[in-house]
Amino acid sequence: MTNDVFKGPSNYNIVDSIQSKNYGGVHIFHCKQSQLTAIIAIHSTKRGPAIGGCRCLEYSDTNSAIEDAINLGRAMSYKAAIHDLPHGGGKSVLIKPKNIHNRQAYFHKFAEYVNQMSGKYITSVDSGTSTTDMNYVLEKTEFVLGYNRQEEHYSNDPSVLTAKGVKHAISAAVSHKLGSDLKGITVAIQGAGNVGSILCELLIKSGAKVKISDIDQSKVNALVEKHQVEAISNSDIISTECDVLAPCALGGVINEESIGNLRCKIICGAANNQLSDSMIAESLHKMGILYVPDYLANGGGLIFVASNYIGDTDGVMLSKIDAMHERVKNILSIASSEHKSVLEVCNRLALENIER
Ligand code: NAD
């Protein structure tokens, strides 16, 4: 399988990059025939097999795909650890070719690479992959989740549980910061996609007022027709006046430019990497804005797939999601008592859990 071993770009020292980041391992494969270049980054297996989705996106170059896999894999470790799951973190990144001629063959080849990890990495669905793709992966490996299941189950879609978890995190943050429940609280949601739209419905059921935006206006219109929600333009959502800003679209939305325009008391949403830089957490802390770290707020989807892996009943799985409320509340209390940003405390607790 010599063509399956990708040498890596000559100007990029992957060994240095991994060692400097105290990383478990990064595996790079290439198969010319199926046009597949796959990077499997396993940050840690100290707590158990690494779980993390499989991205299939176009990248400007191989280095950025490797960096993406490395960063995402580490984030998965922190997420598993903070939610006390018996898993490490990893991620796979497939550098999407212009056209995938045979999707089934493409994901079969990827499954072969997953098998080469000997159970240290369990893959799942992520940006650019679907549950159908994971069914192809399942045809060749047992180390996969997030596929369409035949049997009766709560849901095949982690987004439902991610949204439920984000609602718990918002309600814990509101109770901590504002001393109230969700009734009458205004939440501005950026992104009416899988998670944002379900979160919107859950919040309305709890008596909150919702403002929402999406670059796809039809998604906003569908919610406006069904519920009493206020449509907000994409350019205004970050700076709209609200109690809670819930980024549920894309990363990097809280940055040097947008931070000065914020008119919220709490930031708590599903999007990964909401802060353009971790130093922004310090600035938010000084401004008195409570930022609930993304990986703490959006862990519901991971709890769901981890529950699937061990075969929890729906009841047990839902009780693990509900426990997020107390977990977030405790972490917010620790951060308050130490006068530190929640991100700093959360990172420390996650690292302690990884090393334990
Ligand atoms: P999605 O693709 O279904 O929804 C994202 C929505 O954001 C889309 O409707 C898109 O049109 C909209 N959007 C994109 N750019 C926007 C912009 N500039 N302004 C407003 N809207 C914009 O994705 P999702 O599954 O709902 O996930 C949302 C976020 O949560 C992502 O960052 C994802 O990585 C993260 N996340 C999702 C899960 C999950 O279970 N789905 C779990 C953890 C984290």
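Let's start at the ligand: one of its nitrogen atoms sits 3.2 Å from an N or O atom in the side chain of Ser159. Keep in mind as you look around that this is a predicted model.

| Residue | Protein atom | Ligand atom | Distance |
|---|---|---|---|
| Ser159 | side-chain N or O | nitrogen | 3.2 Å |

How much of the ligand does the protein bury? On its own, the ligand exposes 820 Å², and the protein buries 75% of that area.

Now step back to the whole shell. The ligand is surrounded by 21 residues, and the closest are Thr162, Asn194, Val195, Asp214 and Lys219. Sorted by class, the shell holds ten polar residues, eight nonpolar ones and three charged ones.

Which helices each supply at least two residues of this shell? They are H5, spanning 158–178, and H6, spanning 194–205. Helix H5 gives the most, with three residues.

These two helices also meet one another. H5 and H6 pack with their axes 8 Å apart, at an angle of about 50°. With that angle, H5 is oblique to H6. If you follow H5 as it passes H6, you will find a right-handed crossing.

Methods
Residues numbered from 1 in each chain as written. Predicted model: local features only at pLDDT ≥ 70, side-chain atom pairs only at ≥ 80, totals over all residues. Heavy atoms only, no water. Near = heavy atom within 4 Å. Polar contact = N/O pair within 3.5 Å; in protein donor to acceptor, adjacent residues only side chain to side chain. Areas by Shrake-Rupley, 256 points an atom, 1.4 Å probe, with all protein chains shown as cover. Helix = DSSP H or I, 4+ residues; strand = E, 2+ residues; numbered from the N terminus. Nonpolar A, V, L, I, M, F, W, Y, C, P; charged D, E, K, R; others polar. Axes fitted to C-alpha atoms, helices over the stretch in contact; angles between N-to-C directions. Parallel < 35°, antiparallel > 145°, perpendicular 65-115°, else oblique. Left-handed = near helix turned anticlockwise from the far one by under 90°.
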